[in-house]
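Welcome to my notebook. I went through this structure one stop at a time and wrote down what I looked up.

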Amino acid sequence: MRFLIAALIGLLVSFPLQARVFNPQSFTLKNGMQVVLIPNTRVPVVKHMVWYRVGSADEPAGKSGIAHFFEHLMFKGTPSIPAGEFSKIVAKNGGRDNAFTSYDYTAYFQTVAKDRLELVMKMEADRMTHLTLTKEVIEPERLVILEERRQRTDNDPGAQLREQIDTVQYMNHPYRIPVIGWAHEIENLSLKDLRDFYKKWYAPNNAVLVVEGDVTMEELRPLAEKYYGVIPRGPDIIRQRPSEPPAHADRRVIKKDPRVRQASLQRSYLAPSYGDDKTDTKAPYALQILEQIMSGSATSRLYQSLVVDQKLAVSAGMSYSPNRLDVSELTFWASPQQGVSLDKLEKALIKEIDLLIEKGVAQDEVLRAQKTLINDAVFARDNLGTGAQVLGSSLAIGMTTDKTENWPDDIKSISRDDVNRALRSVLENKHTVTGILMAAEKGAKQ
């Protein structure tokens with residue numbers, strides 16, 4: 001469930017919304033914790049989220065899995081709340097809670113009735129600094145995490161392929177390491193490793209509180225000051241990430257497995273993100289428009305060409321997410337029709353990419369994509385929690401509320417030339433990573 005929510009977060013942050021939709025209010029506590037309120041009076045419910053600016057890419061070398069480990073440990077207990085009682089208390093009060101971990105942040109949230117906001121705020125503030133970490137606590141949870149990895153990755157050929165693609169896509173950057181961590185490193189994480197990580201990263205000045213729902217700033221501010229404002233400020237943190245060197249060769253990752261029912265291929269390129277747009281600040285917005293043109297619907301370029309016209313694929317598209325602190329990636333993907341070889345499909349996909357580089361996109365395609373993206377943004381406010389997720393994830397990677405709120409204007413400012421310049425910068429004369437997933441005969445050596 002937590003990984004599903006994390007995936008949804010990655011989707012939602014591709015569609016930040018304008019100020020006329022969210023209208024966030026914000027202030028900062030004396031200890032450095034940012035507090036954001038997104039008023040939403042549709043129902044007497046609130047979503048309370050705490051975002052920590054730490055993810056798997058911030059873990060010490062050789063100690064992967066710590067960030068995700070804490071996603072589990074934070075539910076274990078404190079001196080005032082026995083282990084396992086946190087979620088039970090939320091449920092008894094009619095609420096729901098969960099958490100998720102990404103490369104760049106870890107978030108915890110509760111959705112409760114308005115009159116239960118103070119309760120969950122008190123409990124969340126308690127586990128920010130008073131989490132019980134003992135050998136008796138961490139060892140059972142280590143086994144749970146290892147089993148989670150076996151179920152979600154080791155037993156899924158597609159997930160195994162994706163994991164291996166990342167290891168060659170990123171030659172130096174920690175994005176090459178899976179968020180859940182490597183099993184052999186999870187097994188060796190010590191109690192000291194976990195305590196040191198908690199002491200360094202779990203502090204109010206490294207966190208953002210986002211509350212969305214039927215509450216006013218006059219009601220929220222005193223509660224935030226009462227429960228979070230009294231927590232001592234932690235050490236100042238500079239997130240140091242190694243940079244990615246240029247690639248000098250194309251790379252291929254091939255996964256054969258008898259459990260595969262549908263073959264597929266994907267070709268990925270490194271691409272700029274919101275946090276890594278130093279050379280062209282328009283590029284992340286231009287690439288979102290490109291994604292809509294290439295893969296936004298059944299009338300998109302790739303689907304029409306490979307599925308409808310040529311009848312080579314059962315599905316085809318392009319994916320891109322700008323919501324990274326560092327470099328991101330842009331990926332083309334397709335699955336062949338029955339009787340179509342992966343080699344033939346790959347050649348057709350490459351031809352589409354070459355055509356895109358040669359001729360670019362048309363003005364009418366850009367205008368339609370812009371209209372669709374902005375229309376989608378207008379309706380996103382209807383779902384309680386969308387604002388908290390979008391604003392929280394953006395602030396956790398160093399963006400500001402103004403930058404996030406100005407997204408529709410930034411999208412509207414992109415020209416056809418901006419899109420073509422961005423796509424050629426990413427695709428033209430760049431070394432790629434190609435992933436192939438195919439069935440293998442049972443009993444064949446893998």
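**Entry 1: a loop residue**

I began with Asn-206, which sits in the loop between helix 9 (191–201) and strand 6 (207–213). A reminder to myself: this is a predicted model.

Is Asn-206 buried or exposed? Its relative accessibility is 7%, and buried means under 20%, so I noted Asn-206 as buried.

Next I looked up what surrounds it. Setting aside neighbours within four places in sequence, I found Asn-206 in contact with Trp-51, Tyr-52, Arg-53, Val-54, Trp-201 and Ile-237. The side chain of Asn-206 also reaches the backbone oxygen of Trp-201, at 3.1 Å. I then checked Gly-32: it is 174 residues from Asn-206 in sequence, but the two C-alpha atoms are 7.7 Å apart in space.

**Entry 2: aromatic pairs**

I counted 17 aromatic pairs. One of them joins Trp-51 and Phe-100 edge-to-face, with 5.4 Å from centre to centre and 70 degrees between the planes. This pair links distant parts of the chain, as Trp-51 is in strand 3 (residues 45–52) and Phe-100 is in strand 4 (residues 96–101), 49 residues apart. Trp-51 is buried, with a relative accessible area of 0%, and Phe-100 counts as buried at 1%.

I looked up Tyr-52 and Tyr-108 as well: they form an edge-to-face pair, 5.9 Å centre to centre with 80 degrees between the planes. Tyr-52 lies in strand 3 and Tyr-108 in strand 5 (residues 106–113), so this pair ties together parts 56 residues apart in sequence. Tyr-52 is buried at 0% relative accessibility, and Tyr-108 is buried with a relative accessible area of 0%.

Which aromatic cluster holds Tyr-52? I found Tyr-52 grouped with Phe-70, Phe-75, Phe-86, Tyr-108, Phe-197, Tyr-198, Trp-201 and Tyr-202.

**Entry 3: the cores**

Trp-51 came up again here. The largest nonpolar core has 72 residues, and Trp-51 is one of those with the most contacts inside it, a list that also includes Ile-289, Leu-330 and Phe-332. Which helix gives the most to this core? I found that helix 11 (residues 283–295) does, with eight residues. There is also a second, separate core of 53 residues, which includes Leu-29, Ile-66, Met-128 and Ile-138.

**Entry 4: helix 6**

Helix 6 has 20 residues (135–154), which at 1.5 Å a residue should span 28 Å; its end C-alpha atoms are 27 Å apart, which agrees.

**Entry 5: a buried glutamate**

My last stop was Glu-365, found in helix 14 (residues 363–379). Its relative accessible area is 13%, so I wrote Glu-365 down as buried. A polar atom of the Glu-365 side chain lies 2.8 Å from the backbone nitrogen of Ala-362. Not counting residues up to four places away in sequence, Glu-365 touches Ile-293 and Arg-301.

How values were computed
Residues are numbered from 1 along each chain as its sequence is written. Side-chain values use heavy atoms; hydrogens and water are left out. Helices (H or I, at least four residues) and strands (E, at least two) are DSSP runs, numbered from the N terminus. The expected span of a helix is 1.5 Å times one less than its number of residues. Buried means under 20% relative accessible area, exposed over 50%, partly exposed in between (1.4 Å probe, protein chains only). Contact means heavy atoms within 4.5 Å. A polar contact is a pair of N or O atoms within 3.5 Å; within protein, one must be able to donate a hydrogen and the other to accept it, and residues adjacent in sequence count only if both atoms are side-chain atoms. A nonpolar core is a set of buried Ala, Val, Leu, Ile, Met, Phe, Trp, Tyr and Cys residues joined through side-chain atoms within 4.5 Å. Rings of Phe, Tyr and Trp (its six-membered ring) pair if their centres lie within 6.5 Å; planes under 30 degrees apart count as stacked, over 60 as edge-to-face and the rest as tilted.
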